[in-house]
Amino acid sequence: MREPPGELEIPRLPPPPAIALDAVVKRHGTGAVVGPISLALPPGRTLALVGPSGAGKSTLLRLVLGLIRPDEGTVGFEGAPIGPRDDALRRRMGYVVQGGGLFPHLTARGNAGLLARWLGWPAARIDARIAELAALVRLEPEALDRFPGELSGGQAQRVGLMRALLLDPAVLLLDEPLGALDPLTRAALQDDLRAAFAALGKTVLLVTHDLAEAVFFAERLAVLAGGRVLQEGTFEELLRSPADPFVTRFLHAQRGLSFPEGR
Ligand SMILES: Nc1ncnc2c1ncn2[C@@H]1O[C@H](COP(=O)(O)OP(=O)(O)OP(=O)(O)O)[C@@H](O)[C@H]1O
């Protein structure tokens with residue numbers, strides 16, 4: 001006898017990529033062309049965009065943020081194309097720039113909580129969230145009432161990250177977040193940030209010149225040059241089977257990285 005049919009099984013589709021670029025091209029007024037670029041970043045994963053100056057890394061990040069529009073192709077976020085005024089979608093992205101990008105006339109607390117004040121959160125809720133974020137990024141509580149000019153570079157960067165995390169975005173976009181810091185501060189922040197990202201399970205898209213930092217933070221790397229993605233993969237994959245002589249040159253030009261045996 002045959003078993004009675006069970007409940008109808010609906011096949012589970014994989015979640016859409018957090019970020020998807022499909023044949024995106026951006027032409028700058030200067031004649032520089034970035035693209036065509038196609039990339040997909042699944043939710044909860046980390047990808048680092050690496051490459052030399054002028055490769056198109058920041059352009060790509062600004063396209064994802066919707067700050068600039070592509071001339072061709074589409075930029076998608078969580079399965080929907082990003083339109084010119086997708087403020088709701090953009091709130092699901094946290095953006096961190098070098099130096100933190102803080103407003104000089106606001107304290108660290110004021111900078112970190114700015115968006116919550118605009119959204120009308122009650123003061124107690126803002127204070128609680130700021131305390132939670134300060135603990136997460138390991139910012140000393142006494143730094144919260146200082147102005148950006150009174151903070152160290154590392155503290156300002158931590159405040160920039162608090163601001164980006166305020167509304168618990170699904171995706172973090174980091175543009176050279178630790179570029180201007182001394183090596184010791186940078187290493188301490190790298191450790192703290194990696195621990196924080198892992199605890200939060202965020203999708204992270206990181207732009208950096210620094211391959212060691214990219215390998216430290218990201219599961220996968222995309223090597224950009226001349227406005228194109230030359231190769232995307234894990235560090236090991238890029239080393240083992242470089243798709244282009246430039247990828248080999250780029251990887252080996254970075255001193256201080258330990259390469260696996262035989263490379
Ligand atoms: N606003 C702009 N107007 C005109 N050209 C631009 C603009 N922004 C970038 N470009 C050009 O587009 C190309 C890519 O620049 P982009 O800033 O994306 O590179 P990058 O990889 O981020 O470089 P860097 O590492 O130096 O920041 C370059 O040739 C640059 O000169």
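Predicted model: local features only at pLDDT ≥ 70, side-chain atom pairs only at ≥ 80, totals over all residues.
The shell around the ligand is formed by His28, Thr30, Ala32, Pro52, Ser53, Gly54, Ala55, Gly56, Lys57, Ser58, Thr59 and His209. By class, this shell comprises three nonpolar residues, eight polar residues and one charged residue. An N or O atom in the side chain of Lys57 is placed 2.8 Å from an oxygen atom of the ligand, and for a polar side-chain atom of Thr59 the distance to a ligand oxygen is 2.5 Å. The ligand taken alone exposes 630 Å², of which 62% is buried by the protein.

The largest pocket was examined in terms of its volume and lining. Its volume is about 720 Å³. The lining consists of 23 residues, and those closest to the centre of the pocket are Arg90, Met93, Tyr95, Leu115 and Arg163. Two or more lining residues are given by each of helix H2 (87-90), strand E6 (93-97), helix H4 (114-118) and helix H6 (153-165). Strand E6 supplies the largest share, with five residues. In composition, the lining of the largest pocket has 15 nonpolar residues, together with four polar and four charged ones.

How values were computed
Residues numbered from 1 in each chain as written. Heavy atoms only, no water. Near = heavy atom within 4 Å. Polar contact = N/O pair within 3.5 Å; in protein donor to acceptor, adjacent residues only side chain to side chain. Areas by Shrake-Rupley, 256 points an atom, 1.4 Å probe, with all protein chains shown as cover. Nonpolar A, V, L, I, M, F, W, Y, C, P; charged D, E, K, R; others polar. 1 Å grid on protein atoms, 1.4 Å probe; cavity = no way out; pocket = protein on both sides within 12 Å on 5 of 7 lines; lining within 4 Å. Points joined across faces, edges and corners; volume = space filled by probe spheres on them. Helix = DSSP H or I, 4+ residues; strand = E, 2+ residues; numbered from the N terminus.
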